[in-house]
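Please open the structure in your viewer and follow the stops below in order.

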Amino acid sequence: MSPHVCEYMESCTHNCYGYEMKITQSICPRCGSSSDNGNLCNTCLVQETEWVTCDPRIILIRCQSCGSIKHQSSWSDELCDREDIEYKSAVSAVHLHADLAFPKIEIQLERNSENRTFAHLKVCGMLYGIPVEKEYTTELLWQSEACDRCRRLHGNYYEGIIQIRAEGRRATYEEEERSREIALLVEQELQESGDRLSFITKIDEGREGLDIVVGSQTLGEQISRTLTKRLGGRYSMHPTLVGEKEGKKLYRDLQKTGIEVLYDDRKGKSAGEKFADCDLIGIPIRLVISEKTLKQNCVELKKRSEKKTKLIKIPNIKRILN
Ligand SMILES: [Zn+2]
Ligand SMILES: [Zn+2]
């Protein structure tokens, strides 16, 4: 109720002594103070509005072998350190109302342990002309997982082999060393460009020459192209690897779809020994591929929790495992 000066003050005839009550005015239905058109006043509106929420916990996943970080479902090589990532994640935990003006978030990180950090957040801003402030604590929990690249690397995953051969003779030591250097450089370039899965699985010095085993077709082609450009010669591509075993192919297919597979291709171990080891490590699902099952385009599947084995069609495996 704002008193106002009577405009007839000088010659006031209605005995108001210069003041007059405003008769028509709107009031806030909640607190009774004045407001526009009978809506909630700003103070009550602020109380009514959930202007900020904060996730209580954020899980951060990093690869323990190479340090890359998982975002949603994809991995990337972050160059920033743990604190940078924690700051960014803490900010992402805060969700602000669109009406909040001049938002500001202050963060203090408190490292609790190797894999746990508490982010103390102070969020403030202006809401409907009123300064607001709230405090939260978000738990940032680090978890380890083997990244797509390391999983493939450890599983000796490959998509191609570049065989360095000279015509009619073995390539010289220098030629092989140059090839190795070039291959590693091309790998580094692709890695730096963000093509994580273009890695060299291994470089073998075979009886006939150097074999560069690569994790992606792109890398294979790029290395071959660079090699012939720098060292001369030519290259040809063989889309299917000669003598490729169905097991290896299946293994690679499954790896690609993100199913974690342990491929037991140890030489000199009997099937029985492999099965025993499989149980020992606690593998949840065992797939066996053999000439017999292949004739039916099948693999034999056995779950650890079940006694029986069953045959399933190869095209159905992914669906069943997912
Ligand atoms: Zn009010
Ligand atoms: Zn990794």
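The model is predicted: local features need pLDDT of at least 70, side-chain atom pairs count only at pLDDT 80 or more, and totals for chains, interfaces and linings use all residues. Residues are numbered from 1 along each chain as its sequence is written, while chains are lettered from A and ligands numbered from 1 in the order in which they are written.

Select residues 173–192 for α4 and 217–231 for α5; their axes come within 9 Å and cross at roughly 135 degrees. Axes here are lines fitted to C-alpha atoms, for helices over the stretch in contact, with angles from 0 to 180 degrees between N-to-C directions. Helices (H or I, at least four residues) and strands (E, at least two) are DSSP runs, numbered from the N terminus.

Next, display the contact residues, including Ile182 and Val186 in α4 and Ile223 and Leu227 in α5; contact requires C-beta atoms, placed from the backbone, within 7 Å.

Move to phenylalanine 102 in strand β8 (residues 101–113). Its phi is near 45 degrees, a positive value in a residue other than glycine. Phenylalanine 102 is exposed, with 9 other C-beta atoms within 10 Å (buried: 20 or more; exposed: 12 or fewer; partly exposed: in between; C-beta atoms placed from the backbone).

Finally, select tyrosine 128, in the loop between β9 (116–127) and β10 (130–144). Tyrosine 128 has a positive phi of about 50 degrees and is partly exposed, with 17 other C-beta atoms within 10 Å.

Conventions. Two residues are in contact if their C-beta atoms, placed from the backbone, lie within 7 Å.
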